Amino acid sequence: MNKDGFLIVISGFSGAGKGTVVKKLVEEYGYSLSISATTRAPREGEENGREYYFKTVAEFQNLIDYNGFIEWAQYVDNYYGTPRKFVEQEMKEGRDVILEIEVQGAMNVKKQYPNALLIFVTAPDANSLKERLAGRGTESEEIINKRMKRAAQESEDIDAYDYIVINDDVEECVKTIHSIIVSNKCLRGNNLEFIDTIKGELKAL
Ligand code: 5GP
């Protein structure tokens, strides 16, 4: 098997419930989760270093300048980025790392890490997305509308993802994503080094 951990990118429309899904993947299956940096203000109940590292625009820019991000992107009115150090270290130590990021970031990650597994999580239909977003009560109507517009743009990039998972039932969705990750690890193409080694060992016997 591959010695390094895998990168798993989970994207989805705002309101698709991917935050809950990712949290459960970490709790139930022990995946490592990258905590992003953002210039967005914390929502009620969010803590610095738990949901995000909350940064000023100047601090965020500084991290860009020092190559501190694997990728970063603008989403609606804010910047979001994946800190490089944590992800590289975790993968080197053999842990599978989940990045919960939007589509531009996902495309960027795939360019740098062609083996990254890209999973797109969506609600069953557009109306339930809007209802979930409004029901959450964390965003103003203006922001909800911006996020819905962004979802329409993001839908154009679904084709670049390896798997699409409909989040109708959270537990089912979590199990499905875990199965996808396990299958992906067993893909022959992800085990070329192992195959070479075992061939060599067998010949040497
Ligand atoms: P929210 O403000 O709802 O927490 O996140 C807004 C969007 O930004 C979501 O689609 C989320 O997946 C994405 N996002 C969070 N962290 C990152 C990141 O580090 N990089 C990128 N490209 N997107 C991110």
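This is a predicted model: local features need pLDDT of at least 70, side-chain atom pairs count only at pLDDT 80 or more; totals for chains, interfaces and linings use all residues.
Two strands are said to pair if DSSP finds at least two bridges between them.

**An open sheet**

Four strands form an open sheet in the order β4-β3-β6-β5, and the pairing within this sheet is mixed. At its edges stand β4 (53-54) and β5, each of which has a single partner strand, so one side of each is left without a neighbour in the sheet. Between strand β3 (residues 37-38) and β6 there are two bridges, and these two strands pair in the antiparallel sense. The bridge partner of Ala 37 in β6 is Gly 81.

**Parallel pairs around β1, β7 and β8**

Another set of pairings involves strand β1 (residues 7-12), which pairs with β8 in the parallel sense over five bridges. Within this pairing, Ile 8 stands opposite Leu 117 of β8. β1 is also joined by four bridges to strand β7 (residues 97-100), and these two strands run parallel. Strand β7 pairs in turn with strand β2 (residues 32-33), again in the parallel sense, over two bridges, and here Leu 33 stands opposite Ile 98 of β7. On β8 there is a further parallel pairing, with strand β9 (residues 163-166), over four bridges; in β9, Val 165 is the bridge partner of Val 121.

Ile 10 lies in strand β1, and its bridge partner in β7 is Glu 100. How far apart are the C-alpha atoms of Ile 10 and Leu 118? They are separated by 6.3 Å, although the two residues are 108 residues apart along the chain. Ile 10 has a relative accessible area of 0%, and because buried means under 20%, Ile 10 counts as buried.

Strand β8 (residues 117-122) is mostly covered, with six of its six residues buried. In a regular strand the side chains alternate between the two faces of the sheet.

Rolling a probe the size of a water molecule over the atoms shows where empty space is left. The largest pocket has a volume of about 1100 Å³. It is lined by 37 residues, and those closest to its centre are Gly 19, Arg 43, Glu 46, Tyr 52 and Glu 100. Two or more lining residues come from each of α1 (18-29), β5 (69-75), β6 (78-83), α5 (126-136) and α6 (141-154), and α1 gives the most, with six residues. By class, this lining is made of eleven nonpolar, eleven polar and 15 charged residues.

The second largest pocket has a volume of about 190 Å³. Of the 14 residues in its lining, the closest to its centre are Arg 40, Asn 78, Glu 139, Ile 143 and Arg 147. At least two residues of this lining are supplied by β6, and at least two by α6. By class, the lining of the second largest pocket divides into six nonpolar, two polar and six charged residues.

**The ligand and its surroundings**

Which residues are the closest to the ligand? The ligand is surrounded by 16 residues, of which the closest are Ser 36, Arg 40, Tyr 52, Tyr 80 and Glu 102.

| Residue | Ligand atom | Distance |
|---|---|---|
| Glu 71 | nitrogen | 2.7 Å |
| Glu 102 | nitrogen | 2.6 Å |
| Arg 147 | oxygen | 2.8 Å |

Glu 102 has a further partner within the protein, as a polar contact of 2.7 Å joins its side chain to that of Arg 150. Arg 150 lies in helix α6, and the side chain of Arg 150 also reaches the backbone oxygen of Gln 74 at 3.3 Å. Is Arg 150 buried or exposed? With a relative accessible area of 12%, Arg 150 is buried, because the cut-off for buried is under 20%.

Notes. Residues are numbered from 1 along each chain as its sequence is written. Side-chain values use heavy atoms; hydrogens and water are left out. On a 1 Å grid over the protein atoms alone, a cavity is a set of points where a 1.4 Å probe fits but cannot get out, and a pocket is an open set with protein on both sides within 12 Å along at least five of seven lines; lining residues have an atom within 4 Å of a point. Grid points are joined across faces, edges and corners, and a volume is the space filled by probe spheres set on the points. Ala, Val, Leu, Ile, Met, Phe, Trp, Tyr, Cys and Pro count as nonpolar, Asp, Glu, Lys and Arg as charged, and the others, Gly among them, as polar. Buried means under 20% relative accessible area, exposed over 50%, partly exposed in between (1.4 Å probe, protein chains only). A residue is near a molecule or strand if one of its heavy atoms lies within 4 Å of it. A polar contact is a pair of N or O atoms within 3.5 Å; within protein, one must be able to donate a hydrogen and the other to accept it, and residues adjacent in sequence count only if both atoms are side-chain atoms.
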